[in-house]
Amino acid sequence: MNYLYFDIECCDGNHICSFGYVVVNDEFTVLEKDDILINPEKRFQLGRANFDPAISLAYSKNAFRRSPNFRAKYGEIKQLLTRPNQIILGHAVASDLNFLDIACTRYGKKRVDIDAYDTQKIYADNFASGKCCSLDTILKDLGIDMGQLVEHKSCDDAELTMLAVKQMCARQNVSVAELLHNNAECIVSYSVLEENKKRSRIRKSIKLFNKKYDGAIGADKIYFSAALGLDDVDCRIRLIERIYRNGYAVTTNIADCIYVVCENGIIDDKERNSLAASDKKEPQFISVDRLHTVLPQK
């Protein structure tokens, strides 16, 4: 099995100007490494008004401007990402998948539908008590010397991500295959990203209703299990507002509610563990249909 680590740099926080990668085997031997420069056909905006005031790209703007655009490089990037017998990894890889999606939409190309392991989350879950850290912080904590590798050079950042995974394996005395098997929940895909966007809308609506409805903070709270899924976000938001209109509130903490909305009592492992660790009275499990009967028709 081969492992492709990749990293993307953008000219403005959204539009790709480089796609860097390194391919290694199970023993972390580097088989390939390259930086694909891309003309973003957008202004370079890397200052405080954007996302990272300290960023300094590894190439000049002219080097990017002289390069082909994403449309011309799409086939090469797609071929790299869809090779057989290959696992894909990246630091905070959800952002990179989003950048690829923006570029595919902009240039009328089909989304490269891939799964990738998020090495930032693997580190957070195993070494940082769930806290997401920058690549630089992870490298320092793991004692990795950057040597001649350059930060914000995509192929070098990809290699540094690989070195971080190598050190994580060494610290746990496992192979990379074992590390990934033990962290299967750290896989990111476009379906996961779409689900995250839906849940973000839900969280924003809860914050809005907490401000809008008097007494919401001290009200009895209702929790929706992640196991329910989110087929219709607008319908869920309408139901949440109805909950607030009837004097209840919605929480994202399962240990802080009186009702857990789920189907057939099914909740996920994380929710079950949170309930087991709580010293509060266990909530009542109800279905969506039962919730409608609990709430008056306001």
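Start in the middle of things: select Phe6, Phe19, Phe70, Leu81 and Leu100, which touch the most other members among the 29 residues of the largest nonpolar core. A nonpolar core here is a set of buried Ala, Val, Leu, Ile, Met, Phe, Trp, Tyr and Cys residues joined through side-chain atoms within 4.5 Å. Buried means under 20% relative accessible area, exposed means over 50%, and partly exposed is in between (1.4 Å probe, protein chains only). Now colour β1, β2, α2 (70-81), α3 (93-106) and α8 (190-212): these are the elements that give two or more residues to this core. The largest share, six residues, comes from α3. The element names follow DSSP runs, numbered from the N terminus: helices are H or I with at least four residues, and strands are E with at least two.

A word on what you are looking at. This is a predicted model, where local features need pLDDT of at least 70 and side-chain atom pairs count only at pLDDT 80 or more, while totals for chains, interfaces and linings use all residues. Residues are numbered from 1 along each chain as its sequence is written, and side-chain values use heavy atoms, with hydrogens and water left out.

**Stop 1**

Keep Phe6 selected and show what is around it. Leaving out residues up to four places away in sequence, Phe6 touches Phe19, Gly20, Tyr21, Leu81, Ile88, Leu89, Gly90, Val93, Asp96, Leu97, Leu100 and Ala158. Contact means heavy atoms within 4.5 Å.

**Stop 2: Rings**

How many aromatic pairs does a search of the whole structure find? It finds ten. Rings of Phe, Tyr and Trp (its six-membered ring) pair if their centres lie within 6.5 Å; planes under 30 degrees apart count as stacked, over 60 as edge-to-face and the rest as tilted. Go back to Phe6 and Phe19 for a stacked pair, 5.3 Å centre to centre with 15° between the planes. Phe6 lies in strand β1 (residues 2-10) and Phe19 in strand β2 (residues 16-24), so the pair ties together parts that are 13 residues apart in sequence. Both Phe6 and Phe19 are buried. For an edge-to-face pair, pick Tyr59 and Phe64, at 5.8 Å centre to centre and 80° between the planes. Tyr59 is partly exposed at 27% relative accessible area, whereas Phe64 is buried at 2%.

Next, select Arg111 and Tyr190. Arg111 lies over the face of Tyr190, 4.1 Å from the ring centre. A charge sits over a ring if NZ of Lys or CZ of Arg is within 6 Å of the ring centre and within 35 degrees of the ring normal.

**Stop 3**

Move along to Phe224 in strand β7, which counts as buried at 10% relative accessibility. Not counting residues up to four places away in sequence, Phe224 touches Arg236, Leu239, Ile240, Ile243, Val250, Val261, Glu271 and Leu291.

Then click on Ser225, found in the loop between β7 (221-224) and α9 (233-245). Is Ser225 buried or exposed? Ser225 is buried, with a relative accessible area of 0%. Its side chain and that of Glu271 are joined by a polar contact of 2.8 Å. A polar contact is a pair of N or O atoms within 3.5 Å; within protein, one must be able to donate a hydrogen and the other to accept it, and residues adjacent in sequence count only if both atoms are side-chain atoms.

**Stop 4: Two loop asparagines**

Most residues other than glycine have a negative phi. Select Asn173, in the loop between α6 (154-172) and α7 (176-182): its phi is near 55°, a positive value. Asn173 is exposed, at 71% relative accessible area. Now try Asn264, in the loop between β9 (259-261) and α10 (269-277). Phi of Asn264 is near 60°, also positive, and this residue counts as exposed at 75%.

**Last stop: zoom out**

Show the whole chain as a cartoon, and you can look for eleven helices and ten strands. The C-alpha trace spans about 65 × 45 × 35 Å along its principal axes. Of the 298 residues, 47% count as buried.
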